[in-house]
Amino acid sequence: MSQQQQDDQKALSKNRKRVEKWLLNNQRFINITGIEKEISAPKGLVQKFIKYDKKINDKWINPLHDVVKKITSLSLR
């Protein structure tokens, strides 16, 4: 595995931990379907993670991380 691939894998792992922790801590306050629509994810992706502890596919971690960053920064459009 090249250095670039290792760095990408570390970043993905770090983003996964952040996203998963944020989703679990804030599940009462967020609109799950709104987040899924924002990233064009399949329905139930986030709900299945929260309710059934189903792993989120790697391809959705970075888009979810971007949405979480946008929500937590409280920036208005």
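Ground rules come first. The model is predicted, so local features need pLDDT of at least 70 and side-chain atom pairs count only at pLDDT 80 or more, while totals for chains, interfaces and linings use all residues. Residues are numbered from 1 along each chain as its sequence is written, and side-chain values use heavy atoms, with hydrogens and water left out.

Now the overall layout. The chain has four helices and zero strands. Helices here are DSSP runs of H or I with at least four residues, strands are runs of E with at least two, and both are numbered from the N terminus. Read from the N terminus, the order is α-α-α-α. The C-alpha trace spans about 40 × 30 × 25 Å along its principal axes.

Next, surface and burial. The accessible surface comes to about 5,900 Å², and 50% of that belongs to carbon and sulfur atoms. Areas come from the Shrake-Rupley method with a 1.4 Å probe; for residues, only the protein chains shown count as cover. Of the 77 residues, 31% are buried. Buried means under 20% relative accessible area, exposed means over 50%, and partly exposed is in between (1.4 Å probe, protein chains only).

On to contacts, meaning heavy atoms within 4.5 Å. Take the contacts between residues at least 6 apart in sequence: 56% of them join residues at least 24 apart.

Which residues touch the most other members of the largest nonpolar core? They are Leu23, Ile56, Trp60 and Leu64, in a core of 18 residues. Helix 1, helix 3 and helix 4 (58-73) each give two or more residues to this core. Helix 4 gives the most, with five. The rule for a nonpolar core: buried Ala, Val, Leu, Ile, Met, Phe, Trp, Tyr and Cys residues joined through side-chain atoms within 4.5 Å. Look at Leu23 in particular. Leaving aside residues up to four places away in sequence, Leu23 touches Ile30, Val46, Phe49, Ile50 and Ile56.

Asn15 sits in helix 1 (residues 3-25). Asn15 counts as buried because its relative accessible area is 12%. Beyond residues up to four places away in sequence, Asn15 touches Ile61, Asn62 and His65.

Now the charges. There are 17 positive and 8 negative charges, and their mean positions are 5 Å apart. Lys and Arg count as positive, Asp and Glu as negative; His and the chain ends are not counted. Each charge is placed at NZ of Lys, CZ of Arg, CG of Asp or CD of Glu.

How many salt bridges are there? The count is three. The cut-off is a side-chain nitrogen of Lys or Arg within 4 Å of a carboxyl oxygen of Asp or Glu.

Start with Arg16. Arg16 pairs with Glu20, with the closest N and O atoms 3.2 Å apart. The two are separated by about one helical turn, because they are four residues apart in helix 1. Asp58 is partly exposed, at 35% relative accessible area. Together, Arg16, Glu20 and Asp58 are linked in a network of salt bridges.

The remaining bridge joins Lys70 and Glu38, at 3.2 Å from N to O. Lys70 is in helix 4 and Glu38 in helix 2 (residues 32-38), 32 residues apart. Lys70 is partly exposed at 39%, and Glu38 is partly exposed at 42%.

Last, the backbone. Most residues other than glycine have a negative phi. Ser40 is exposed, with a relative accessible area of 60%. Asp53 has phi near 60° and lies in the loop between helix 3 and helix 4. Asp53 is exposed too, at 62% relative accessibility.

One more residue, Tyr52. Tyr52 lies in helix 3 (residues 45-52) and counts as exposed at 57% relative accessibility. Tyr52 and Arg18 are 34 residues apart in sequence and 19 Å apart in space, C-alpha to C-alpha.
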